[in-house]
Amino acid sequence: DTHWNHYPRMVDQLLPPFDKGFSGLILDLEQRGMLDDTLVVVLSDHGRTPKLNNAAGGGRDHWSQAYSLAFAGGGIAKGRVVGATDKEAGSPIDRPVSPKDLLATMYHLLGYDPHSRIPDRAGQLIPLVPESCGVVPEMLA
């Protein structure tokens, strides 16, 4: 979290090890011929406010209206951007995608029908992913 000192923490602590680790993983999987069979997903449980707060050094708080994710390998189209936000990165303006749509897409790429039903503890069949959700075809290779 960067609720305070956002820029120094991102530049000095958080981004360098992430950039090194993520790029290293993708390059290693690609060099070994494993990237096409491995789905790599980078996401968080929520986005961040589009504007800094008033905390010391400025910070960004939790924001559920829009956030970014990165997908690679496993049937994902390379270099594609799906959706867009307004100029402040606060609200979707083009092709909003729900977390459940992303889950359906991940299940699809892993070989599971996202519309299948599985038994709960009581034996009742429940949807793997809610019926109103669907695979995001623009993400697929």
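Mentor: A salt bridge here is a side-chain nitrogen of Lys or Arg within 4 Å of a carboxyl oxygen of Asp or Glu. The model is predicted. By that rule, the count comes to four salt bridges.

Start with Arg95. This residue forms a salt bridge with Glu138, and the closest N and O atoms are 2.7 Å apart. That value lies within the 4 Å limit, so the pair counts. Arg95 is partly exposed, at 29% relative accessibility. Glu138 is partly exposed too, with a relative accessible area of 31%.

Now take Lys51 and Glu88. Their side chains meet in a salt bridge at 3.3 Å, N to O. This pair also links distant parts of the chain, 37 residues apart. Lys51 belongs to the loop between β2 (47-48) and β3 (62-63). Glu88 belongs to the loop between β5 (84-85) and β6 (92-94). Lys51 has 52% relative accessibility. Exposed means over 50%, so Lys51 counts as exposed. Glu88, at 41%, is partly exposed.

Next comes Arg32. Its side chain meets that of Asp28 in a salt bridge, 2.8 Å from N to O. Arg32 is exposed, with a relative accessible area of 57%. Asp28 is partly exposed, at 31%.

How values were computed: Residues numbered from 1 in each chain as written. Predicted model: local features only at pLDDT ≥ 70, side-chain atom pairs only at ≥ 80, totals over all residues. Heavy atoms only, no water. Buried < 20%, exposed > 50% of the residue type's maximum accessible area, 1.4 Å probe, protein only. Helix = DSSP H or I, 4+ residues; strand = E, 2+ residues; numbered from the N terminus.
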